[in-house]
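Visitor: I'm new to looking at proteins in 3D. Could you walk me through this one while I ask questions?

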Amino acid sequence: MSEQLAIPSKKDQVSAEEWQLRVDLAAAYRLIALYGWDDLIFTHISARIPGDDHHFLINPYGMMFDEITASSLVRVDQDGNKLDSDDFDINPAGFTIHSAIHAVREDVVCVMHTHTTEGVAVSAQQHGLLPLSQQSLFPLSNLAYHDYEGVALREDEKARLQADLGGNNFMILRNHGLLTTGGSIADAFLGMYILQKACEVQIRALAGSQPLTPIPDGIVDTIRQQAEQVTRGMGGKLAWPGLLRKLDRINAGFRD
C-alpha cells in the first residue's frame, strides 16, 4: 500500500524505538480494520513517542485503516502541528481527544478510540455497561464515562475529558463510542477487544426476549484484583505476537 500511495520509508529517519512504535501502531490500525471496528477514515489510535516533548503518532486523515503503514503515521506536537511537512494532514477532532490524554497521563503510551455500532449503542443507553458477561467485568473494574459535548473540537473540553478519565484505562464516550488506554499499544488493543466484546454481548442479550441474569455485586466489587491475576495487568504482550503473525499472513505491508 505504501508504494501505491508513494509514501517513502521513514525507517532510516527515526530511532529504532520510534520505528518499533510505528510498526506496532500501524498493526493496531490494520487489526481494527480486520475486526470490522473501523469507521471509514474516522476514529483514531495514537501512541506517545518517548521524551519530554509529548509528541505522538496518529493516523493520516484520508487513509483507510487497512492502508496505514509505519511510515505513513504522522508525528504531531501538543499544539497539533505535524513535524514533517510532507506528511498527510490529521483530523482535528482526533487530535483534541488524544492530545488531552497524552498531556496528563504519563503512564499511557497508547490511546484507542472507536465508533463501533455496539459501542455507540451501549454509550447511548442510560445504564451504560452492565455486568452481564465475564468480558464486562474487566472494563467495569476501571471504567469512566464522559458526556457528549458535540464533535470534539473545543479546547475547553479537554479539561473535562481529563477529569472524567482520571486514572482509568476504559472510557465510554456518551453517544459517541469507546476509548481505551494502555501502557503499550498491545495493552490498549486488548482492552478495546474486551470492551468491544462486552458491548456486543450486552446488545445481543438485551435484544432477546428472556429475563437477564446480572453478575452478583460481590463479584463485580472484587474484579479488580481478579483482573490483575488473570491478565497479568492487561496481558497485551502475551496476545500481541500472535496478532502480528496473523497480520503477516493476511494483511502484510504494515511494516513499510
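Visitor: Is Glu-18 buried or exposed?
Guide: Keep in mind that we're looking at a predicted model. Residues with under 20% relative accessible area count as buried. Glu-18 has a relative accessible area of 5%, so the label for Glu-18 is buried.

Visitor: Which residue does Glu-18 form a salt bridge with?
Guide: Here's the background: side chains of opposite charge can pair when their charged atoms come close. For Glu-18, the closest N and O atoms of the salt bridge are 2.7 Å apart, and the partner is Arg-75. Glu-18 sits in helix α1 while Arg-75 belongs to strand β3, so this pair ties together parts that are 57 residues apart in sequence. With 24% relative accessibility, the partner counts as partly exposed, and that's Arg-75.

Visitor: How many residues apart in sequence are the parts tied together by Asp-87 and Lys-10?
Guide: The side chains of Asp-87 and Lys-10 meet in a salt bridge, 2.8 Å from N to O. Asp-87 lies in the loop between β3 and α2 (92–104), whereas Lys-10 lies in the segment before α1, so the parts they tie together are apart in sequence by 77 residues.

Visitor: Where do Lys-197 and Glu-200 lie?
Guide: These two form a salt bridge, with the closest N and O atoms 3.7 Å apart. Lys-197 is partly exposed at 30% relative accessible area, whereas Glu-200 is buried at 18%. They are three residues apart, about one turn of the helix, and both lie in α6 (residues 185–207).

Visitor: Which strands stand at the edges of the sheet?
Guide: The sheet is open and has seven strands with mixed pairing, in the order β3-β2-β1-β4-β7-β6-β5. An edge strand has a single partner, so one side of it is left without a neighbour in the sheet; here those strands are β3 (74–76) and β5 (143–146).

Visitor: Which strands does α1 touch?
Guide: Helix α1 packs on the sheet, and its direction makes about 165 degrees with that of β1. The strands touched by α1 are β1, β2 (56–58), β3 and β4 (110–114).

Visitor: And which strands does helix α5 touch?
Guide: Helix α5 (residues 157–165) packs on the sheet too, with its direction at about 155 degrees to that of β5. The strands touched by α5 are β5, β6 and β7.

Visitor: How many of the residues of β1 are buried?
Guide: In a regular strand the side chains alternate between the two faces of the sheet. On one side of β1, His-44, Ser-46 and Arg-48 are buried, and on the other so are Ile-45 and Ala-47. That leaves both faces of β1 covered, and the count of buried residues is five of five.

Visitor: Which residue in β4 stands opposite Ile-45?
Guide: β1 and β4 run antiparallel and are joined by four bridges. Across from Ile-45 in this pairing, the β4 residue is Met-112.

Visitor: What is the relative accessibility of Leu-40?
Guide: Leu-40 is found in the loop between α1 (16–34) and β1 (44–48). Together with Phe-42, Tyr-61 and Met-64, Leu-40 makes a nonpolar surface patch of about 340 Å². Exposed means over 50%, so Leu-40 counts as exposed, with a relative accessibility of 54%.

Conventions. Residues are numbered from 1 along each chain as its sequence is written. This is a predicted model: local features need pLDDT of at least 70, side-chain atom pairs count only at pLDDT 80 or more; totals for chains, interfaces and linings use all residues. Side-chain values use heavy atoms; hydrogens and water are left out. Patches are made of residues with over 30% relative accessible area and no salt bridge: like charges are joined within 9 Å, nonpolar side chains (Val, Leu, Ile, Met, Phe, Trp, Tyr) within 5 Å. Accessible areas come from the Shrake-Rupley method with a 1.4 Å probe; for residues, only the protein chains shown count as cover. A salt bridge is a side-chain nitrogen of Lys or Arg within 4 Å of a carboxyl oxygen of Asp or Glu. Helices (H or I, at least four residues) and strands (E, at least two) are DSSP runs, numbered from the N terminus. Buried means under 20% relative accessible area, exposed over 50%, partly exposed in between (1.4 Å probe, protein chains only). Two strands pair if DSSP finds at least two bridges between them. Contact means heavy atoms within 4.5 Å. Axes are lines fitted to C-alpha atoms, for helices over the stretch in contact, and angles run from 0 to 180 degrees between N-to-C directions.
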